[in-house]
Amino acid sequence: MHLPLATRAATAVAALSLSLAGAVTGAAQASPSSPGDSGPSGVDHYAASAAADHSASADRLDDILAKLPKDFAQRRDAARERFGIDRSPAEQILDGKVQQAAGATEADAIDPTQYQCAPTKLDGYVDSILADVDPNDLFVLSLTGALDVPTYDAILYGTPTDADHQLLPAYKAPLTSTFGYAQRFWDVRLDDVQLMAMHGEMMTDVNRVARVVEYLYDVGPADATDIASDIVAIVKGDKALKNGKNPIFTLNAFAFSGEGETDPVIRRLKDKMVFGDGILSALKSIGLGGANGVGPKAVLGHEMSHHVQYEDDLFDSELTGAEATRRTELMADAFGTYFVTHKKGLGLNPKQVLVAGQSFYDVGDCQFDSPGHHGTPNQRRAASAFGAAQVAYANNPNTVMPSLKLDRAFEKALPTLTAPDAPTAPQAYAATAKQ
C-alpha cells in the first residue's frame with residue numbers, strides 16, 4: 001500500500017486527497033434534488049468548504065456548474081469509456097491517495113494483504129509537479145474533466161501533420177523510427193495507425209478547449225466558450241500549472257481505436273497512438289531515458305501492443321473489473337518487451353531490457369479494487385520478464401512468434417505473473433518459451 005506522505009512535495013496532493021475523500025462522503029449523504037437526479041459527485045461538500053475561503057476557483061466552479069448539464073459527471077465518465085481512455089499514471093496515483101485517505105477497501109483483483117506494493121519513482125515525480133499547485137484548482141480541473149481535455153483534443157482533432165500535434169523535435173526521429181519498426185513487426189495490420197503528440201499548452205486556447213467541452217457535454221457554443229474561459233483562467237492563474245506546460249495535463253501515452261463503436265463520430269476517427277509531453281518528461285526525470293532512451297521506446301512498444309490487441313480482439317475475457325484491465329495491461333507489457341527485445345524488433349541488449357522492465361515497474365499501481373488497475377509494479381516487471389524470455393529462450397529466436405500464439409503463452413502464464421511471489425527474472429519463464 002502507499003506509504004504515509006511525509007514530504008512538502010506531497011502536501012498539495014494530501015490536501016486534495018482529504019478534500020476528495022470528504023467529497024465522496026458528502027456525495028453519499030446528499031439527497032437528489034429530483035427523482036433520478038443524483039447530482040454531481042462531491043459538489044455539495046466542495047461548495048461548503050470553498051465557501052469558507054471564497055477562493056477564485058470556487059467561484060469559477062460555480063460558474064462552470066451552472067452551465068454544465070446536471071448529469072455532467074456521468075457524461076464525463078461515459079466519455080472515458082467510449083473512447084477507451086485510461087486514467088493517466090498521474091491520475092492513478094492521485095486516485096490511490098484519495099482512496100487511502102477515504103479508507104477505501106480493496107477487493108477483486110488481489111488480496112492486498114498478500115502483496116508488497118509501495119510508491120515508485122513516478123509517485124515522487126507526481127508529488128513534485130503538483131507540490132505548488134493550488135489543491136482547489138486541481139479539484140476543479142479533475143471534477144470537470146479538464147485534465148483530459150488535451151487527450152480528447154488529440155483524439156478528436158489531431159492529425160500527424162497538423163502543427164498542433166507534432167512530436168517534440170528531440171523525440172520525433174527516434175519515436176517515428178521505433179513506431180515504424182513496431183508497425184512492421186507484428187502479424188496484424190498496423191500501417192493505418194497514426195503517431196502524434198499532445199501538448200498541455202492547448203489548455204490556454206479557449207477555442208480548442210471549448211470545442212472539446214461542447215462535444216463531451218453536449219452544451220451550446222456560447223456555454224462551451226464560457227466554461228472554457230473559466231478553465232483557461234484557472235490554468236493561467238495558477239503559476240504552478242505553467243500555462244498548461246505542467247506535465248499533469250499530458251502525463252500519458254495511449255492507443256486509440258474507434259473500430260466497433262456505435263457513435264458515428266468515434267467510429268470515423270483514425271486509429272492513433274498519442275504521446276503526451278508529460279510522460280516523456282516523467283520518463284526522463286526518473287532516469288528512464290530521454291529522446292534516445294529506452295523508456296520512451298518501451299512505452300511505444302506497450303501502446304502498439306494495444307493496437308495488436310484491437311486487431312486480434314484480445315480485450316474480451318471472462319475477467320471483469322480490475323482483473324480485466326490488469327490482464328490487458330500486463331499483456332501489453334509482455335508484448336511490448338517481446339518487440340523491443342527481439343532481433344527483428346529493436347534488438348535491445350540485456351542491460352537495456354532491464355531498463356524496459358523498470359519502465360513498466362515504475363508505472364505500476366496499488367489500486368487493487370479500481371477498474372483502472374494496471375497491475376502492481378512487481379507484476380508489471382514480471383510481465384516484462386515473461387516477454388523477454390519468449391525471445392531469449394525460444395527454439396528459433398530469429399522467428400517472430402504469431403501474436404495469437406504469444407497470447408496463448410501469456411494466458412497460461414498469467415496466474416504466475418499475478419501471484420504475490422511472481423518472479424521478475426526472464427530465466428524464470430524459460431519453460432514458457434518452449435511450449
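This is a predicted model: local features need pLDDT of at least 70, side-chain atom pairs count only at pLDDT 80 or more; totals for chains, interfaces and linings use all residues.
The buried residues of helix α8 are covered by elements that include α4 (72-83), β1 (194-198), α10, β2 (253-256), α12 (264-267) and β3 (272-276). The buried residues in question are Val 149, Pro 150, Thr 151, Tyr 152, Asp 153, Ala 154, Ile 155 and Leu 156.

One of the elements covering α8 is α10, and the geometry of this pair can be described in detail. Helix α8 (residues 149-157) and helix α10 (residues 206-217) have axes 10 Å apart and pack at an angle of about 80°. Because angles of 65 to 115 degrees count as roughly perpendicular, α8 is roughly perpendicular to α10. On the α8 side the contact involves Val 149, Tyr 152, Asp 153, Leu 156 and Tyr 157, and on the α10 side Arg 208, Val 209, Arg 211, Val 212, Tyr 215 and Leu 216. Sorted by class, the residues of this contact are eight nonpolar, no polar and three charged.

The axes of helix α3 (residues 56-67) and helix α7 (residues 135-143) come within 9 Å and cross at roughly 15°. Angles under 35 degrees count as roughly parallel, and α3 and α7 are therefore roughly parallel to each other. The crossing of α3 past α7 is left-handed. Ser 57, Leu 61 and Ile 64 of α3 make this contact with Asn 136, Asp 137, Val 140 and Leu 143 of α7. By class, four of the contact residues are nonpolar, two are polar and one is charged.

These helices belong to a chain whose secondary structure comes to 18 helices and three strands. Of its 435 residues, 56% count as buried. Among contacts between residues at least 6 apart in sequence, 77% join residues at least 24 apart.

The interior can be followed through its nonpolar residues. In soluble globular proteins, nonpolar side chains tend to be buried together. Here the largest nonpolar core has 110 residues, of which Phe 83, Leu 141, Trp 186, Ile 231, Phe 275 and Phe 386 touch the most other members. Beyond its neighbours within four places in sequence, Phe 275 is in contact with Leu 167, Leu 175, Leu 195, Met 196, Ala 197, Met 198, Asn 252, Ala 253, Leu 280, Pro 296, Val 299 and Leu 300.

Two individual residues illustrate how segments separated in sequence meet. Tyr 125 lies in helix α6 (residues 121-130). Its relative accessible area is 9%, and Tyr 125 is therefore buried. Apart from neighbours within four places in sequence, Tyr 125 contacts Pro 247, Leu 251, Gly 278, Ser 281, Ala 282, Ser 285 and Ile 286. Between Tyr 125 and Ser 281 there are 156 residues of separation in sequence, but the C-alpha to C-alpha distance is 9.9 Å.

Gly 301 provides the other example, in helix α14 (residues 294-312). With a relative accessible area of 2%, Gly 301 is buried. Residues up to four places away in sequence aside, Gly 301 touches Gly 336 and Phe 339. Gly 301 and Ala 332 are 31 residues apart in sequence, and their C-alpha atoms are 8.1 Å apart in space.

Technical notes. Residues are numbered from 1 along each chain as its sequence is written. Side-chain values use heavy atoms; hydrogens and water are left out. Axes are lines fitted to C-alpha atoms, for helices over the stretch in contact, and angles run from 0 to 180 degrees between N-to-C directions. Helices (H or I, at least four residues) and strands (E, at least two) are DSSP runs, numbered from the N terminus. Angles under 35 degrees count as roughly parallel, over 145 as roughly antiparallel, 65 to 115 as roughly perpendicular and the rest as oblique. A crossing is left-handed if the near helix is turned anticlockwise from the far one by less than a right angle, and right-handed if clockwise. Contact means heavy atoms within 4.5 Å. Ala, Val, Leu, Ile, Met, Phe, Trp, Tyr, Cys and Pro count as nonpolar, Asp, Glu, Lys and Arg as charged, and the others, Gly among them, as polar. A nonpolar core is a set of buried Ala, Val, Leu, Ile, Met, Phe, Trp, Tyr and Cys residues joined through side-chain atoms within 4.5 Å. Buried means under 20% relative accessible area, exposed over 50%, partly exposed in between (1.4 Å probe, protein chains only).
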